[in-house]
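The sequence and model come first.

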Amino acid sequence: MDKILTVKREKLYSFIWTVPIVALIIAGTLIYRSHFNKGPEITLILSKADGIEAGKTAIKALSVNVGKIESISLSQDRKNVVAIARMNPGTEDLVRDDSRFWIQKVRIDRQGVSGLDTLLSGYYIELSPGNSPKPSRMFTVMDDPPLATDDKGIYLTLHSESLKKVSPGSALKFKGIEAGHVLDANYDFEKQIMNYRVFVAEPYASIIDSGTKFWISSGITFSMGPDGLKVDTDSIENIISGGISFDNIEGNSLNEDDDVPVHNDHVFVLYNDRLSIVPTYAQNRTLNYIIFLPFPDRGLQAESPVFFKGVQVGVVKKMPYFPENYRIFHDYSKYTAVLIGIQQERFEKSSLESIEEIRQDIDNLIKNKNLTASVENMNILTGKKCIDLQSDVDPAANRLVFNAPYHGYQVIPSLDKSFSTIQDDLSRFTHKLATLPMEDLANNVNQLLKNFQNTALEINALTSNINAIAEKLHKENVSQEMLNTLKEVQAIMSSYSSDSALYRELSLAVKELNSTLKGVKPVVTKVNEKTNSLVFSYDRQDPVPAGKKENKKK
């Protein structure tokens, strides 16, 4: 019996085929992720590659890894380091045109210690995402973190001529409260000033106007002015950390235009310290006058006060004053011009006069009341001086009167306290002093002292004799009245003895007189040789003409 063969059709699939299929899927996924699902590639420019390693250094944003450095090389000009970094997928919005990168490491600055985590993890690059709609693939990495300016506020520029330096990152403080910081500092070589870019945050930005004053607050400042020693100190924190302070100082901004609001990039003056800030006054409310002095006075300088009846009415604006195109050796004058300004704001609160009415009042005082200016001492220790305006001065006084204006400025008469007059008085005094017979006077005083000593010895002997006579008379029963008389004579004589207080005082006075005469003698000799030695304390030889020197050499 024949067998029947049955043919079975094999299955077109097998479980074993799942393995390569899965492998293909995984490979496709990896290929897709490696080629099609990558984050953006960016180029970072660094000044140096300290602590940066290819394949290890991470890029972080808010302590979250968002990328990694893949390669490091030098730039073509060999001046910078070029790092190629790969960002993680989905980070396209982080790398915008205004994004900022900086190296995060351990730092010790004014804000304290930061970046301690890099001691274990190593340096990494911090990313601050930008908000610009424009993407970018190339960035410059900063060595230091940028200053946070995300808050609302105002950007200002400060010009400083001070030798003190303020570093970027230093705090701006208002009444000791941190209100902003210094963004950067650049020196203008053309103008020779320091330019600071600063940021002031709200709400402090709203109080800044055109009259706000900025000054460097770094330590303790001493100054010796007309009113004596002045000391200006900040808080201990400001002394340690330094920085810049600002405030609307009451009584300083007297100009009514000094309360105008300001906008970004407004320029302010940065003063060396708070004591350097002087009040500002409107030019259209200042009357300028000229005063002539017979000789320059070094104690008088710009900002020296001008007083009238004990009230400060202005300041010295220029000392000396040189008009435009003035040639100091060609346009020589024996008088020194001083420009002063009478400032209405100094006394406008107590006066309703207009600036023209004040001008008319001053003109009336000059013409009818002999208004006269003089230089007076304010502080003997510092040598500071001021201008004092006086009315009703004696017409016979030695005054310098100029009826014509001086380069457009009216001239106020002044007292002629000329140097030649002072020198003549000193010469006459020293001449009289030199003619005194100092040696003869000293010898007479010595002889007087010797005579006085001899007289005292004689009085002592006479007193002893009177005592003996009194005892003898007492033994011989002389009347009590005569004894009392002798005792009174004895008391009088005792007052002139060498042990008496009168003798000691008189002897001391004579010795002091003798010592004084000996001390005056070299002074008189020196003054007799050089009369101006009382005026000039330094020892300086008089100049010798060149011709005379040549004759000496010959």
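P320 sits in the loop between β21 (311-318) and β22 (336-343); helices (H or I, at least four residues) and strands (E, at least two) are DSSP runs, numbered from the N terminus. The model is predicted: local features need pLDDT of at least 70, side-chain atom pairs count only at pLDDT 80 or more, and totals for chains, interfaces and linings use all residues. Residues are numbered from 1 along each chain as its sequence is written, and side-chain values use heavy atoms, with hydrogens and water left out.

**Cis peptide bonds**
- M319 and P320 are joined by a cis peptide bond, with omega about -5°.
- The bond from E202 to P203 is also cis, with omega near 5°.
- P203 belongs to the loop between β13 (193-201) and β14 (213-216).

**Positive phi**
- Most residues other than glycine have a negative phi, and most peptide bonds are trans.
- K309, not a glycine, has a positive phi near 55°.
- K309 lies in the loop between β20 (305-308) and β21.
- K309 is exposed at 67% relative accessible area (buried means under 20%, exposed over 50%, partly exposed in between; 1.4 Å probe, protein chains only).
- N370 is not a glycine either, and its phi is positive, about 55°.
- N370 lies in the loop between α4 (355-368) and β23 (372-377).
- N370 counts as buried, with 17% relative accessibility.
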